[in-house]
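Let's take a friendly look at how side chains pack inside a protein. Please keep the sequence and the 3D view open while you read.

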Amino acid sequence: MAKIVMERVYTIGIRQKMKRYPRWLRAKKSVKYVRKFLSRHMKVEPENVKIDASINEKLWERGAEKPPARIRVRAVKFDDGVVEAELA
């Protein structure tokens with residue numbers, strides 16, 4: 001079992017970043033943005049970020065056109081370089 005190196009809670013603002021995309025793409029792009037945000041802040045590659053299904057459901061719960069304005073995420077980084085994220 002890998003040891004926990006770092007554990008943090010982030011509030012990720014999504015609204016301003018998603019206004020530049022067409023409405024039908026916003027939820028899809030917000031999932032990619034959450035992955036990119038966590039990879040940047042936890043200093044790992046984007047493919048090493050595992051997003052929990054609860055985050056995906058939260059981003060898609062109002063449909064593709066209206067993702068939430070912000071989302072609180074609990075991210076845990078393990079010593080093997082993998083980050084697991086779930087709703088806070």
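In this predicted model, the largest nonpolar core has 20 residues, and the members that touch the most other members are Tyr10, Ile12, Ile14, Leu38, Leu59, Ile71 and Val73. Which parts of the chain supply at least two residues each to this core? They are β1, α2, α3 (53–60), β3 (70–78) and β4 (83–87). Helix α2 gives the most, with six residues.

Leaving aside residues up to four places away in sequence, Ile71 touches Tyr10, Thr11, Ile12, Ile14, Ile55, Lys58, Leu59 and Leu87.

Now to the aromatic rings. A pair of such rings is described by the distance of the centres and the angle of the planes. The structure holds two aromatic pairs, listed here:

| Pair | Centre to centre | Angle between planes | Arrangement |
|---|---|---|---|
| Tyr10 and Phe37 | 5.6 Å | 85 degrees | edge-to-face |
| Tyr33 and Phe37 | 6.4 Å | 50 degrees | tilted |

Why does the pair of Tyr10 and Phe37 tie together parts that are 27 residues apart in sequence? Tyr10 lies in strand β1 (residues 4–13), while Phe37 lies in helix α2 (residues 26–42), so their pairing links these two elements. Tyr10 and Phe37 are both buried.

The tilted pair sits within helix α2: Tyr33 and Phe37 are four residues apart there, which means that about one helical turn separates them. Tyr33 is buried, as is Phe37.

Putting the rings together, Tyr10, Tyr33 and Phe37 make up one aromatic cluster.

Conventions: Residues numbered from 1 in each chain as written. Predicted model: local features only at pLDDT ≥ 70, side-chain atom pairs only at ≥ 80, totals over all residues. Heavy atoms only, no water. Phe/Tyr/Trp six-rings, centres within 6.5 Å; stacked < 30°, edge-to-face > 60°. Buried < 20%, exposed > 50% of the residue type's maximum accessible area, 1.4 Å probe, protein only. Core = buried A, V, L, I, M, F, W, Y, C linked by side-chain atoms within 4.5 Å. Contact = heavy atoms within 4.5 Å.
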